[in-house]
Amino acid sequence: MALDLARQSRLPLLIIPVDLGPIDDAVPLLLVTDHSSDSTRARTCFTALLGSERNGRVMVINSPDHQLDFEELKAEEGFADNNERLDIGVALGDPVDDVCNTASELKTPLIVIGKHGGPSGREPALGGVAEGICRRALNPLLLIPS
């Protein structure tokens, strides 16, 4: 049922596991992005959630359609080189496995990821990586539609 809602939602959707347990405010938030236009609002939301005090980690998903320049990514999102609160890395293997494993290891209180705005008939309502993370993540997940 939650996955159907995630596919159809045109509003931000927060999915919280039933057996969440305690949250550590010192643990970084996790942004998953392929730096596509569908993830722009998720990146903006992540930056706002970090504020000036919170630590964060950005996991970049490589896509043949969206070749990334890390300096450009940092500049566009205000991710300064000397920002010790932010760690940027690339998912090297299966993106769903890498994201879910990283989120579990970190015990991140929130995974932020962009998704398509909703069913339009021309594009899937939820990308394959976002759907895989929805299915497997044991951490709270915030889906931000484009």
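Start with helix H4 (residues 95-106) and helix H5 (residues 128-136): their axes lie 9 Å apart and they pack at an angle of about 40 degrees. That angle makes H4 oblique to H5. Keep in mind that this is a predicted model. The crossing of H4 past H5 is right-handed.

Now show the side chains at the contact. From H4, select Pro 95, Val 96, Asp 97, Val 99, Cys 100 and Asn 101; from H5, select Gly 128, Val 129, Gly 132, Ile 133 and Arg 136. Six of these contact residues are nonpolar, three are polar and two are charged.

Zoom in on Gly 132, in helix H5. Gly 132 is buried, because its relative accessible area of 13% falls under the 20% cut-off. Next pick Val 96.

Six strands form an open sheet with mixed pairing, in the order S1-S6-S5-S2-S3-S4. Select S1 (13-15) and S4 (86-91) at the edges: each has a single partner strand, so one side of each has no neighbour in the sheet. From one strand to the next, the twist averages 20 degrees.

Select S5 (residues 111-115) and S6 (residues 141-145). They run parallel, joined by five bridges. Find Gly 114, which stands opposite Ile 144 in S6.

Finish with the helices on the sheet. Helix H2 (residues 40-50) touches S2, S3, S4, S5 and S6, and its direction makes about 165 degrees with that of S2. Return to H5: it lies across S1, S2, S3, S5 and S6, at about 140 degrees to S5.

How values were computed: Residues are numbered from 1 along each chain as its sequence is written. This is a predicted model: local features need pLDDT of at least 70, side-chain atom pairs count only at pLDDT 80 or more; totals for chains, interfaces and linings use all residues. Side-chain values use heavy atoms; hydrogens and water are left out. Axes are lines fitted to C-alpha atoms, for helices over the stretch in contact, and angles run from 0 to 180 degrees between N-to-C directions. Helices (H or I, at least four residues) and strands (E, at least two) are DSSP runs, numbered from the N terminus. Angles under 35 degrees count as roughly parallel, over 145 as roughly antiparallel, 65 to 115 as roughly perpendicular and the rest as oblique. A crossing is left-handed if the near helix is turned anticlockwise from the far one by less than a right angle, and right-handed if clockwise. Contact means heavy atoms within 4.5 Å. Ala, Val, Leu, Ile, Met, Phe, Trp, Tyr, Cys and Pro count as nonpolar, Asp, Glu, Lys and Arg as charged, and the others, Gly among them, as polar. Buried means under 20% relative accessible area, exposed over 50%, partly exposed in between (1.4 Å probe, protein chains only). Two strands pair if DSSP finds at least two bridges between them.
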